[in-house]
Amino acid sequence: MKRLILFAMTLATTAATAQRLSYPKAEKGPTVDNYFGTEVTDPYRWLENDTSRQTAAWVEAENRITSDFLKKIPFRDKLLKRLTELSNYEKLSAPRKRHGKWYFFKNNGLQNQSVLYVMDQLGGEPRIFLDPNTLSPDGTVALKGVYFSNNGKYAAYSISRSGSDWQEFYVIDLKTGQLTQDHIEWAKFSGAAWQGDGFYYSAYDAPTKGKEFSNVNEGHKIYYHKIGTPQSEDVLFYQNAAYPKRFYTCAVNDEETMMFLYEDGAGAGNNLYVRDLRTPDAQFIQMTDNMDYDYSPLHTEGDKIYLITNYNAPKSRIMTADIRRPGIGDWQELIAEQGDVLSGADVINRHFILTYSKDASDHAYLYSLAGQQIREIALPSVGSVGFTGDEKEPECFYTFTSFTIPGTIYRYDMQTGQSTLYAQPKVAFNPQDYTTEQVFFQSKDGTRIPMFLTYKKGKNSQLPHELRSLRPSGQRTPTSPRPVYLYGYGGFNISLVPSFSANRIPWLEQGGIYAQVTLRGGGEYGEEWHQAGTKMQKQNVFDDFIGAAEWLIREGYTDKGHIAIVGGSNGGLLVGACMTQRPDLFRVAIPQVGVMDMLRYHKFTIGWNWAPDYGTSEDSKEMFEYLKGYSPLHNLKKGTTYPATLVTTADHDDRVVPAHSFKFAARLQECQSATQQQNQKPLPPTLIRIDTKAGHGGGKPLAKILEEQADIYSFILYNMGLKFK
């Protein structure tokens with residue numbers, strides 16, 4: 001059978017992959033932990049000390065060998081050039097009105113950070129309001145959020161440095177456009193909730209020097225900052241010493257008549273409290289008492305509170321509460337739970353716009369505040385949508401995106417139901433050359449799992465079912481294997497929806513398939529779908545991902561030599577678990593900033609917050625054994641050949657600390673080296689890429705993103721024996 005020339009194939013293993021890599025030596029220590037009578041060795045515990053000289057030397061050595069390997073990939077620079085070309089297009093956010101002016105973000109193309117602009121009126125001349133690119137020469141200071149005071153006098157904004165979760169706040173005087181002297185440090189997971197000429201924010205005590213990015217975060221406190229005063233004079237507004245490992249944040253409505261307090265970190269959801277600001281010295285009243293559910297206020301009118309919640313409604317619903325009787329037992333249902341998941345709710349011009357997810361694709365509807373459906377909002381195609389507008393203003397915009405459609409902005413007329421194109425990016429490829437289809441397959445236990453497949457159209461790019469008829473047995477006739485980039489997440493009730501990334505386009509241009517799997521553990525089908533991938537059900541997530549690869553092979557799309565699995569954070573855990581459970585099934589593995597040590601994850605920064613999804617090794621002997629049974633670090637074995645692996649992490653990642661990736665990479669190299677000694681042929685490389693002045697991913701400058709993606713895609717193609725044309 002003639003092979004389709006989708007990639008230029010190498011005839012033999014290249015010199016760089018054939019060489020016997022000599023990995024940096026990682027000393028092994030004597031550390032042993034005892035879990036319910038079971039001893040577990042942890043020889044690379046010393047790598048948890050990310051500021052030690054020994055760790056720094058190891059990091060330097062690992063980065064050197066990784067850099068040397070990647071430099072030997074002959075097409076890596078060409079791939080970077082194409083990625084840069086594709087990213088060089090104007091990116092806009094929908095405009096938003098605040099105090100009579102319009103604000104929007106714009107990136108001219110290759111700016112490291114997007115710039116916030118202001119206009120006096122829609123269509124007016126924009127001028128720069130805040131340019132984060134001026135805050136650092138390398139773009140590693142990122143804007144996290146902007147918060148306008150209700151009285152129209154100030155705007156607070158928060159930044160992060162080098163990708164860390166730590167935040168700093170600054171304040172702009174809107175009349176003069178100048179910075180005030182106000183500066184807040186050591187805030188985390190916080191917005192600015194304005195009341196009068198000051199705002200509430202959430203912060204921790206200043207961490208121990210040298211341990212800013214690894215020590216456990218405890219004692220989240222809410223402070224009130226008065227404009228014009230130093231942080232040292234900020235008033236401690238709220239803390240709960242009884243629960244140091246919980247998050248506490250607050251919000252104030254625009255009228256400054258109600259304040260809400262959120263408590264989370266001990267369940268899948270949050271608790272909610274309310275305070276009537278119209279009554280002097282009023283105290284918070286607890287509205288809920290079960291953190292297994294989500295409760296989010298959407299809008300207030302007088303005494304009435306509108307909320308979205310999944311309480312007794314796994315797919316979520318809209319309810320109302322009265323501040324005079326705010327307990328959940330007195331809430332009233334306004335819009336009942338539907339067959340599809342209520343994934344988003346906005347109040348614009350005193351109407352609801354509700355977004356429902358159907359098989360991981362968005363559908364939007366307009367409702368009255370009385371709960372009556374007015375119409376469905378017609379969207380351009382299968383994809384994702386986000387609405388922008390003000391509770392009391394008539395203007396409404398939405399941004400639509402899909403796998404090959406970059407963020408396109410429409411203006412929506414709520415009276416007529418008409419959508420008008422407002423801004424459409426001009427990209428360096430033709431989106432019409434590509435298509436996306438959704439397929440379904442059965443996981444190991446028979447559960448029906450969706451998967452999106454995106455690929456290039458055309459005679460030379462047809463998928464197997466377009467080239468071959470069904471066999472009598474019902475199976476597809478195998479054709480030439482197609483390279484597959486298999487991506488998933490599967491956790492924390494987070495939904496993977498259709499979205500655009502210019503970084504995928506070179507892969508698609510070369511004839512590759514981008515496959516995105518809707519795994520259990522996510523929120524695509526509601527809370528039951530989420531719970532089916534948590535704690536003692538976590539294996540379902542890995543089975544779903546493995547099942548996706550097996551289905552793609554069985555249906556003739558690809559083979560074991562052409563599948564790369566990729567995922568970040570909880571998705572990095574996914575990749576680590578699947579490559580250790582089925583090392584034979586994948587050619588390349590890219591675990592990014594992954595949770596790799598499931599026995600100790602809760603001992604760093606905010607890792608304790610993941611216990612509702614994972615459980616911990618301290619919960620019970622049964623939970624310990626289950627975690628150890630799939631923990632990527634603890635399931636690497638000598639004598640096993642693992643896929644070509646590029647682990648990625650960063651020195652300022654204080655969400656999933658780099659120790660996870662450090663220990664996993666050290667152990668993986670130990671096992672692969674031991675296996676190498678038993679084999680005549682060189683084994684696939686196992687490398688780690690450790691970025692500097694970067695964190696978990698949020699706010700990363702574009703230049704760093706492009707370099708990292710060039711490394712990842714070139715590593716994948718090279719280790720599949722392919723070239724970039």
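Residues are numbered from 1 along each chain as its sequence is written, and side-chain values use heavy atoms, with hydrogens and water left out. Because the model is predicted, local features need pLDDT of at least 70 and side-chain atom pairs count only at pLDDT 80 or more, while totals for chains, interfaces and linings use all residues.

Start with the cores (sets of buried Ala, Val, Leu, Ile, Met, Phe, Trp, Tyr and Cys residues joined through side-chain atoms within 4.5 Å; buried means under 20% relative accessible area with a 1.4 Å probe, protein chains only). The largest has 70 residues, and those with the most contacts inside it include W58, M451, L486 and L552. Helix 7 (residues 539-554) gives this core its largest share, eight residues; helices here are DSSP runs of H or I, at least four residues, and strands are runs of E, at least two, numbered from the N terminus. Leaving aside residues up to four places away in sequence, L552 touches M451, L453, V484, L486, A515, Y557 and T558, a contact being heavy atoms within 4.5 Å. Another core, of 43 residues, lies apart from the largest one, with I73, F403, F429 and Y718 among its members.

Now for strand 10 (residues 166-173): seven of its eight residues are buried, so the strand is largely enclosed by the rest of the structure. Strand 10 pairs antiparallel with strand 9 (residues 154-161) over six bridges (pairing takes at least two DSSP bridges). Five bridges join strand 10 to strand 11 (residues 179-188), also antiparallel.

How values were computed: Buried means under 20% relative accessible area, exposed over 50%, partly exposed in between (1.4 Å probe, protein chains only).
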